[in-house]
Amino acid sequence: MKTPFRLDQHPRRWPQPLSSPPPGYFEQLPMRVMAQVAAPAPRPLPLAWLRHAPAYVRTGLASTVLLGTFAASLWLGGSSLGNAPSTTATLDTVSQQQLLDYLSSGEVHVDMLDLAELPAHHLGITRQYLKPSPSELTEALDAQPADEAGVL
């Protein structure tokens with residue numbers, strides 16, 4: 001077991017100071033040091049006024065900035081919403097023979113995932129297959145089994 005260390009048992013190696021510090025010196029030292037250190041000047045925040053603005057002003061400003069950003073991206077992007085041709089309209093102009101030649105050339109690898117990504121809405125190519133009359137549609141829909149449990 002170690003013996004406890006006692007500072008009183010060890011003599012000092014250097015001589016005592018010529019005089020002792022004035023009374024209360026070490027109690028006043030932190031305050032004197034802090035008084036000499038200049039506090040940093042408070043910097044104003046760039047958008048400090050926005051914190052004090054009412055919620056409806058902040059919401060309006062945010063929506064205006066968002067709308068302006070969207071409009072600027074459309075304007076700078078050079079695309080217009082009304083004049084852009086749709087993909088289906090562009091594909092309608094290509095003949096079926098050219099499509100078959102392109103897909104069967106061997107340079108293009110088409111798998112089921114590529115075909116699954118085709119749009120499910122109206123394709124111009126389907127106009128030539130089915131042209132049912134309203135009465136034929138009604139008969140076909142009436143012939144379908146109406147399972148009440150499946151509807152619920």
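Colleague: Is Phe26 buried or exposed?
Modeller: This is a predicted model, where local features need pLDDT of at least 70, side-chain atom pairs count only at pLDDT 80 or more, and totals for chains, interfaces and linings use all residues. Residues are numbered from 1 along each chain as its sequence is written, and side-chain values use heavy atoms, without hydrogens and water. Buried means under 20% relative accessible area, exposed over 50%, partly exposed in between (1.4 Å probe, protein chains only). Phe26 has a relative accessible area of 57%, so Phe26 is exposed.

Colleague: Which helix holds Phe26?
Modeller: Helices are DSSP runs (H or I, at least four residues), numbered from the N terminus; strands are E runs of at least two. The protein has eight helices and zero strands. Phe26 sits in residues 25-36, which is helix 1.

Colleague: How are the rings of Tyr25 and Phe26 arranged?
Modeller: Rings of Phe, Tyr and Trp (its six-membered ring) pair if their centres lie within 6.5 Å; planes under 30 degrees apart are stacked, over 60 edge-to-face, the rest tilted. The count by this rule is one aromatic pair. For Tyr25 and Phe26, the centres are 5.1 Å apart and the planes at 80 degrees, so the pair is edge-to-face.

Colleague: How exposed is Tyr25?
Modeller: Tyr25 is the ring partner of Phe26. The relative accessible area of Tyr25 is 31%, so Tyr25 is partly exposed.

Colleague: What percentage of the protein's residues count as buried?
Modeller: The protein has 152 residues. The share that counts as buried is 2%.
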